[in-house]
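Please take a look at it first, and then we can go through its charged pairs and one of its hairpins together.

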Amino acid sequence: IPFNFSANDQIVPAGTYRISLEAPRYLSFVNTLSTTKQYLMLVQPTGEQNSQDGGRLTFRRYADSNYLYQVWMPGQGEGRQFVRSRTEQETLRGLQPSSLAQVQLPTGPAQQ
């Protein structure tokens with residue numbers, strides 16, 4: 001992920017992460033360079049089916065702030081999404097609708 005982002009009011013630095021589903025409602029992000037740093041994040045099912053077999057991350061971008069919105073794991077039919085955090089809601093209050101952008105990053109193959 002080439003930029004810092006927020007999810008569940010946690011700030012996550014840019015880097016390469018291994019993402020795994022720990023339970024139906026929790027995703028784990030582990031930095032591949034420092035495997036001791038783990039981010040555990042609460043998610044909910046998207047209710048949508050994956051139209052692509054590959055994985056992807058979708059972010060909401062407001063000016064220079066990035067918020068993780070959806071995670072689609074390769075080979076899984078349903079994605080996971082994040083509820084807007086308190087920080088994201090506060091960011092939204094001060095912005096015009098035209099400053100919203102969505103950024104999608106494809107995920108690479110799983111590394112062992």
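A salt bridge here is a side-chain nitrogen of Lys or Arg within 4 Å of a carboxyl oxygen of Asp or Glu. By that rule, arginine 80 and glutamate 78 form one, with their closest N and O atoms 3.9 Å apart. Do keep in mind that this is a predicted model.

**Salt bridges**

- The structure has three salt bridges.
- Glutamate 88 pairs with arginine 60, and their closest N and O atoms are 3.5 Å apart.
- That pair connects distant parts of the chain, since glutamate 88 lies in helix 1 (residues 86-93) and arginine 60 in strand 7, 28 residues apart.
- Glutamate 88 also pairs with arginine 84, here with 3.4 Å between the closest N and O atoms.

- Glutamate 88 and arginine 60 are both buried, and glutamate 88 has a relative accessibility of 2%.
- Arginine 84, in contrast, is partly exposed at 33%.
- Arginine 80 counts as buried because its relative accessibility is 12%, under the 20% cut-off.

- Strand 7 runs antiparallel to strand 8 (residues 65-72), and seven bridges join the two.
- Leucine 57 has valine 71 as its bridge partner in strand 8.
- Two residues lie between the strands of this hairpin, where alanine 63 takes a positive phi near 55°.

How values were computed. Residues are numbered from 1 along each chain as its sequence is written. This is a predicted model: local features need pLDDT of at least 70, side-chain atom pairs count only at pLDDT 80 or more; totals for chains, interfaces and linings use all residues. Side-chain values use heavy atoms; hydrogens and water are left out. Two strands pair if DSSP finds at least two bridges between them. Helices (H or I, at least four residues) and strands (E, at least two) are DSSP runs, numbered from the N terminus. Buried means under 20% relative accessible area, exposed over 50%, partly exposed in between (1.4 Å probe, protein chains only).
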